[in-house]
Amino acid sequence: MAAAEDERFMAEALVEARHCAAHADVPVGCVVVRGVEVIARAGNERELRRDPTAHAETVALRQAALTTGSWRLDGCTMYVTLEPCAMCAGAIVLARLDRLVIGAPDPNAGFAGSLGNLVQDGRLNHRVDLERGVLEAACGEVLRTFFLGRR
């Protein structure tokens, strides 16, 4: 996909991240795209749902599966403002996404290139194409602003 398309969809994920402020969740946003159509969108909802698995990625994957009528999300790309953790990276592989586009890296918990790279691990039965650093500064700023406000 062209860089302009990646930036456009990452900007939509940033909108979802900013909505997280309404319920005091860490501002991570995500959209799942098939072709040029957004089929799912979500932000973190751990605080809102009191659910440790309600990361933006898992919420969006559930929506995308409902939208398509299948857990197999081949042909789809996920745009997420922060590098996925191990749980989300595993879910991305299990959902058979074709592509993952990340905004900011997560050196503390990221498993799509920082602490490990689960989405491209050759020992698994599926690997995801990976693009890192799309709108990285804007994605990082949303997180920095959130955490500065909490200190």
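1. Helices here are DSSP runs of H or I with at least four residues, strands are runs of E with at least two, and both are numbered from the N terminus. This is a predicted model, in which local features need pLDDT of at least 70 and side-chain atom pairs count only at pLDDT 80 or more, while totals for chains, interfaces and linings use all residues. Residues are numbered from 1 along each chain as its sequence is written, and side-chain values use heavy atoms, with hydrogens and water left out.

2. Is alanine 138 buried, partly exposed or exposed? Its relative accessibility is 32%, so it counts as partly exposed (buried is under 20% relative accessible area, exposed over 50%, partly exposed in between, with a 1.4 Å probe and protein chains only). Across the chain, 46% of the 151 residues count as buried.

3. For the chain, 57% of the contacts with a separation of 6 or more are between residues 24 or more positions apart (contact means heavy atoms within 4.5 Å).

4. Now the overall layout. The chain has five helices and five strands, arranged along the sequence as α-β-β-α-α-β-α-β-β-α. Its C-alpha trace spans about 40 × 30 × 30 Å along the principal axes.
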